[in-house]
Amino acid sequence: MTFSRKRVLILAGIVAVVLASGAVLARRHRAPDLPTAEVKRKEFVEYQQVRGEVRAKHSVAISAPFGAGDLQILSLLKTGATVNKGDVVVQFDITPVRVTFEQKQSGLRSAEAQIRQSDARSRMNQEQRKTDVLTAEYEVERARLDARKQEILSEIEAEKTKLVLADKQQKLSETQIKVSSSEKAGDADTEIVKLKRAKALFDVNLSQRQLESLTLRAPVAGIVTLSQNYRAGGPNSAAPEFKPGDRAWPGASIAEIPDLSSLRVIVSVDEIDRGKIKLNQTALIHVEAVPDRDFTAYVAEISTLGKPDFSSWPPPRNFDVVLEIRDADPRLRPGMSANARIALNRIDDAIVVPSESVFQKNGKTIVYVRRGSKFEERTVMVGGRSSGECTISSGLRAGEQVALKDPEATSR
């Protein structure tokens, strides 16, 4: 190989090395191919994401009766069943009460028969008493007539007639006293029998009311929502709804018929976030059973007392927040699950970036701003955060482009 040929090869190698080095440097200074987002100036709303369920503000409870003995459910309608006023919602076993009712009816019939016998006996005794009085009065009159003949009788006979008259008058007085006593005794016996009948009638009416109370009817038209049977639930499981065969306790709420025009959403908020929520704050509600639309609402009530949530340990204390729905839908039903976003704070003119464009590095909050062919690291101050966005108090201007991924991590 000639000397000139060697020189050409050496020069070609040097050129190749220079070109390769330039390519490496170009790649180092060129901005990585990363997704970016534009820094925007717009209204920012800070939300509190919560979960709850649809409930009715007004509803009519259908409860188990008091004083009706054993309360075993034979049949009941299912949740969501439509009823008219007077329709049967729950039917309890009436067998024990029916037996008692028939026994009380038999007792009433016996008491009424005793009254009829007492009335008949009273009438017979009354007639007999009248006869006894008339007889005694007749004997007195007869003796009085005999006494009037004393002027034609001997003195002895005259005294006899006086004694007979006095004796008959005494017997008449005794008869009248006896009649009066018998009448009072008869009246007392009749009153006792009447009291027995009144007691028997009361027992029959009570048994009849108990029998009727075992059939629970809808007091208003609406849709049935069954209640939970808390005596059937275990310590680690939710209480199931009442079902046929269950035994209820007196006063237990078996079902409700809610007023569908008063539906609202009840959500639980932990004690840390409760202080952020204020009355009349707006909310956006999404009901899972009605996926094609969202509902606007506002904070109507905030519970002042917290309730422990035993689903985790140690149990946190949650507060109920009532969200009144502004635009109800006929498809909404009590018990439906719902997600709500409560607007905690609004900023009309804020610098907003996606949350994934903000990174933590060496104890600082930074973003990567595109500068021509590369990204520039810049320290920023973050304000509020909500639903995938956050506000920047300082460090960015509207219109700039920020990386959604860390350029340094991508280039490694």
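**View 1. Arginine 371 and glutamate 400 form a salt bridge whose closest N and O atoms are 3.9 Å apart.** A salt bridge is here a side-chain nitrogen of Lys or Arg within 4 Å of a carboxyl oxygen of Asp or Glu. Arginine 371 belongs to strand 18 (residues 364–371), whereas glutamate 400 sits in the loop between strand 21 (389–394) and strand 22 (401–403), so the contact ties together parts that are 29 residues apart in sequence. Strands (E, at least two residues) are DSSP runs, numbered from the N terminus. Arginine 371 is partly exposed, with a relative accessible area of 40%, while glutamate 400, at 10%, counts as buried; buried means under 20% relative accessible area, exposed over 50%, and partly exposed in between, with a 1.4 Å probe and protein chains only. The model is predicted, so local features need pLDDT of at least 70 and side-chain atom pairs count only at pLDDT 80 or more, although totals for chains, interfaces and linings use all residues. Residues are numbered from 1 along each chain as its sequence is written, and side-chain values use heavy atoms, with hydrogens and water left out.

**View 2. Glutamate 377 and lysine 361 meet through their side chains in a salt bridge of 2.8 Å, N to O.** Because glutamate 377 lies in strand 19 (residues 374–379) and lysine 361 in strand 17 (residues 359–361), the pair ties together parts that are 16 residues apart in sequence. Both partners are partly exposed, glutamate 377 with a relative accessible area of 35% and lysine 361 at 23%.

**View 3. A salt bridge of 3.6 Å, N to O, joins the side chains of glutamate 43 and arginine 346.** The pair links distant parts of the chain, with glutamate 43 in strand 2 (residues 40–56) and arginine 346 in strand 16 (residues 337–354), 303 residues apart. Glutamate 43 is partly exposed at 43% relative accessibility, as is arginine 346 at 44%. By the rule used here, the count comes to 24 salt bridges.

**View 4. Three strands form an open sheet in the order 3-10-9, with antiparallel pairing.** Strand 3 (59–63) and strand 9 (225–226) stand at the edges, each with a single partner strand, so one side of each is left without a neighbour in the sheet. Two strands pair if DSSP finds at least two bridges between them; strand 3 and strand 10 (residues 253–258) pair in the antiparallel sense over five bridges, and valine 60 has isoleucine 257 of strand 10 as its bridge partner.

Conventions. Helix = DSSP H or I, 4+ residues; strand = E, 2+ residues; numbered from the N terminus.
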